[in-house]
Every structure is written in structure tokens, then in C-alpha cells.
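Please examine the structure shown below. The paragraphs that follow lead the reader through its pockets.

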Amino acid sequence: MAGYVPEPFRIKVVEPIRRTTAAERRTIIRAAHYNVFKVRSSDILIDLLTDSGTGAMSDNQWAGMMVGDEAYACSRSYYSLESAVRDIFGFRHFVPTHQGRAAEHILCSLLVRPGNLVPNNMHFDTTQANIAARGGIPTNLLIDEGLNPSSHHPFKGNMDLRKLQNWIQQVGPEGIPFGMITVTNNAGGGQPVSMANLRETANVYHEHRIPFFIDACRYAENAYFIQQRELGYAALSPLEIARQMFSYADGCTMSAKKDGLVNIGGLLCMNDPALMQRAEQELILREGFPTYGGLAGRDLEAIARGLYEGLDPEYLAYRVGQTAYLADSLAEVGVPCVQPPGGHAVYVDARALLPHIPAEHLAAWALGVELYVQGGIRSAELGAVAFATRDENGDWQFPPLELVRLALPRRSYTQAHLDYVVETFAAILQKRDDISGYRMTYEPPFLRHFTAEFESLSRTN
Ligand code: F0G
């Protein structure tokens with residue numbers, strides 16, 4: 001059982017959160033059509049919906065906000081960010097964007113044509129949707145261990161190199177405008193990718209002249225896992241490991257709302273100057289001038305400082321330790337979780353916890369609703385609602401994993417909050433046989449889980 005690593009900070013500002021009764025929460029969730037995205041945050045006690053943009057900034061970042069330069073072009077804050085990006089990522093060119101999906105959107109609009117294929121270890125939903133929105137076909141080529149919730153492989157986010165090589169030979173490299181790898185693999189449990197696998201993936205892409213982009217949202221957590229688990233990296237700092245990770249790639253997209261430790265922001269980095277010129281045109285059209293990219297100067301300053309704080313070894317030991325503490329505590333009361341725990345979140349195996357609910361009745365969604373009703377806790381579904389597709393006959397193709405993600409906002413909740421989450425799960429386990437499934441009553445075409453509506457299949461709800 002992982003001991004709790006004391007927070008390497010003390011709390012200077014607090015934000016009240018509110019308890020509600022189970023009866024109130026039943027009424028609230030019904031009115032929200034059983035979709036936790038539609039519940040007001042003031043009606044949530046512990047919000048584990050996402051670790052994206054929900055963390056607490058440091059005093060140093062807030063100080064940076066005050067000295068942010070709001071000049072439209074070539075502001076001082078842009079150069080602070082440029083210096084951090086050069087130092088950590090090392091790519092020749094970059095632009096800020098308002099968040100990660102804006103970077104994905106620009107990249108896909110420049111490179112993806114209808115019928116193109118884009119491989120990844122496992123696409124996150126926004127990447128998948130941005131490729132599909134351009135008529136492309138996102139393809140996942142994760143190692144098999146990454147899809148097995150009980151496998152203890154240390155790098156379950158690795159690309160299956162043999163699958164990748166065979167697949168490229170089969171489909172032909174001409175239809176592959178770029179290839180990706182996501183660190184850590186959010187859609188598959190927040191699992192890391194090893195340095196060896198990053199290097200080999202780059203070799204395979206480059207052998208076929210396919211540009212290689214890293215989805216870098218949680219690169220610092222990935223670097224920490226490499227330091228802890230991969231032979232030969234124990235003596236290197238997370239910063240040195242991160243530099244090496246990016247040295248194999250031709251560019252990256254990044255949501256700074258994760259390991260950039262800010263509430264808004266993103267990056268698009270690349271080495272190709274001609275492609276960057278086209279990216280800048282797209283950026284000016286949709287986001288803003290290339291030195292601010294849809295952000296305020298103060299946001300750029302906060303990202304520049306946050307990127308370094310996110311790589312601090314003390315912070316990372318606490319961060320990854322907190323996630324391990326929650327996963328171990330849940331496992332101890334009998335909650336089936338993806339093992340080993342990932343960096344930013346604990347992923348509960350809803351199929352194993354609610355085996356009586358068939359795939360079409362959305363077990364992970366049902367567990368998410370129950371967590372809210374039982375404890376006022378908000379989680380995210382990463383299962384059929386987020387990822388199932390329909391085949392040409394209109395029949396559902398269900399994803400291999402049916403997970404509920406408990407994402408930990410950075411530097412926001414304490415050990416007592418996590419213990420409360422564990423107690424709530426223990427209460428749910430007591431009555432799990434009475435939990436029934438859900439049916440979608442409104443199904444939007446893209447990123448379904450954000451706005452879909454549901455009805456309960458229970459006779460008593
Ligand atoms: N890639 C990954 C791996 C992500 O986890 C996310 C966002 C994005 C890209 C898009 O970034 O939100 O700034 O546009 N993940 C959030 C989450 C939403 O809850 O996991 P964004």
C-alpha cells in the first residue's frame with residue numbers, strides 16, 4: 001500500500017465546496033438527464049471530472065500573472081514562454097494556442113485529407129474527433145497489455161511496434177500524413193510510454209518518412225515514470241528525460257492545462273519551418289497573432305513558470321504518489337482498478353465492478369451516476385459513451401475498456417478528500433447488484449459524452 005507523500009506546499013488560498021443530500025443529488029442528476037457534465041459545479045462536493053485546467057497555480061505563477069505583458073505582438077511574456085519551450089521541448093518553432101485541441105485542430109486542418117490514416121498508441125477523444133472531422137481515420141496500435149486492466153506491465157502506454165510496422169506496410173505510408181504517440185496514455189489508464197518505445201516508434205515512422213508528433217499533455221508525469229521504472233534513467237532529472245523524449249519527434253501538440261499547471265493554454269511545436277508558416281496562417285485566422293495564440297499575456301507567463309514547476313521532482317513524487325494512494329486504497333476495499341495506477345487519475349474497471357450490466361446498458365456511465373448520487377463526486381466515463389462507434393449496419397462497436405476515471409486536479413485535494421472517495425466506493429460496493437444501466441436519449445455526432453442525454457433503466461429512478 002502506497003504511503004501518502006506529504007504535499008510539498010502549504011495552502012494559502014481556499015475555495016469553499018458544498019455538501020448536498022442524496023435526495024437533492026437524485027433530483028439534480030435527473031434534471032441533468034443523467035449527464036454529470038450538465039451538473040453545476042456548486043452542486044459537486046469533490047470534482048474528479050478532469051485534471052485539465054482544474055489545478056491550483058502557485059504563488060510564483062500568480063506573481064507571473066501580475067507581470068504579464070498584454071502587448072498584442074511580441075510581448076515580453078511570449079519570450080518567457082519561448083525560452084521555457086526551447087529549453088524543455090527543443091523544437092525549432094512553436095505557437096501558443098488556447099488549449100490542446102486547438103493545436104490538434106490546426107495540425108489536422110493542415111495535414112489530414114479524407115481517407116487519411118493517423119496512428120497513435122491510443123488517441124484521446126479530442127484527437128480522435130479532430131482527425132475524424134477532417135475525414136481521416138484515427139487508428140490505435142497500443143500493446144495488448146495496455147488493454148488488460150490487471151496486467152502490471154510498467155509501460156502499458158507503449159506502442160505495439162510490430163503492429164505498427166505491419167499496419168504501415170499494409171495500408172501504405174502515402175495515406176499517413178503524420179503519426180502520433182500520447183504520453184501518458186490517457187484513454188488507456190494514464191499509462192506511461194518508455195523511452196525505448198518512443199525511440200523505436202520514431203524509427204518506424206521515420207523509416208517510412210512519416211512525421212512524428214507527440215501528444216505531450218502529461219509529458220512530465222511520463223518522464224517521472226521513466227526515471228522510476230526504466231533502466232538507465234534513475235540518475236537523470238525529469239527535465240533531462242523530457243528533453244530526450246522530445247528529441248525523437250518532429251513536433252508535439254500539448255494542452256498546458258495538464259502538466260503546464262495552468263487553467264488555460266496549449267502549444268503546437270514543430271521543426272518544419274514551411275509547415276509552421278502554414279500553421280501561423282491558420283492560427284491568425286482562428287486563434288490570434290502567433291505570439292499570443294488566443295491567450296492573454298499573463299496566461300503565457302503562467303505557462304512559462306508552470307512548465308518548470310510540473311517537472312520538479314518533489315512535486316512529481318507527491319503527484320504520482322497521491323494517485324497511487326487513491327488506487328491502493330480503493331483496491332483495498334475491493335474496487336477493481338487499472339493496475340498499476342497511472343499518473344493523473346485512477347481508472348475503475350466498471351465492467352468488473354458491475355458485471356450484471358450488459359455493454360449496451362453502459363456500465364461505466366451507470367457507475368459515474370451512482371458516484372454522484374452516493375457522494376456528490378463527479379467522475380468521467382471513458383467507455384462506450386466516449387468511444388463506441390457504429391459499424392456500417394448501425395450496430396454498436398464497443399471499446400475494449402469500460403472505465404470510470406477519477407482524475408486528480410493538481411495540488412487541489414488533500415488525503416482526507418481521497419479517503420472520502422474511498423468510503424463512497426465502499427458504500428456503492430455494498431449495493432452494487434441494485435445498480436442498473438442507462439440508455440441514450442440524445443446522441444450527438446462528435447464527442448458524444450459531453451452533451452448526450454440519458455434515461456435510467458431502473459424502475460425506481
Ligand atoms: N490530448 C490528451 C491526451 C488529453 O488528455 C486532452 C484533454 C487533450 C489532448 C485535449 O486538450 O482539453 O486542452 O483541448 N484531456 C482532458 C481530460 C479534457 O479530461 O482528459 P484540451
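How do the residues of the lining of the second largest pocket divide into nonpolar, polar and charged? They comprise 24 nonpolar, seven polar and five charged residues, where Ala, Val, Leu, Ile, Met, Phe, Trp, Tyr, Cys and Pro count as nonpolar, Asp, Glu, Lys and Arg as charged, and the others, Gly among them, as polar. The model is predicted: local features need pLDDT of at least 70, side-chain atom pairs count only at pLDDT 80 or more, and totals for chains, interfaces and linings use all residues. Residues are numbered from 1 along each chain as its sequence is written, and side-chain values use heavy atoms, with hydrogens and water left out.

A pocket is an open set of points, on a 1 Å grid over the protein atoms alone, where a 1.4 Å probe fits, with protein on both sides within 12 Å along at least five of seven lines; lining residues have an atom within 4 Å of a point. The second largest pocket has a volume of about 740 Å³, a volume being the space filled by probe spheres set on the points, which are joined across faces, edges and corners. Among its 36 lining residues, Gln-128, Ala-386, Phe-387, Ala-388 and Thr-389 lie nearest its centre. Because domain 1 (22-51 + 319-456) and domain 2 (59-309) both contribute to this lining, the second largest pocket lies between them; the domain bounds come from an automatic or database domain assignment.

The largest pocket holds about 1400 Å³ of space. Its lining has 35 residues, and Val-13, Gly-55, Ala-56, Arg-411 and Ser-412 are the closest to its centre. This lining divides into 16 nonpolar, nine polar and 10 charged residues.
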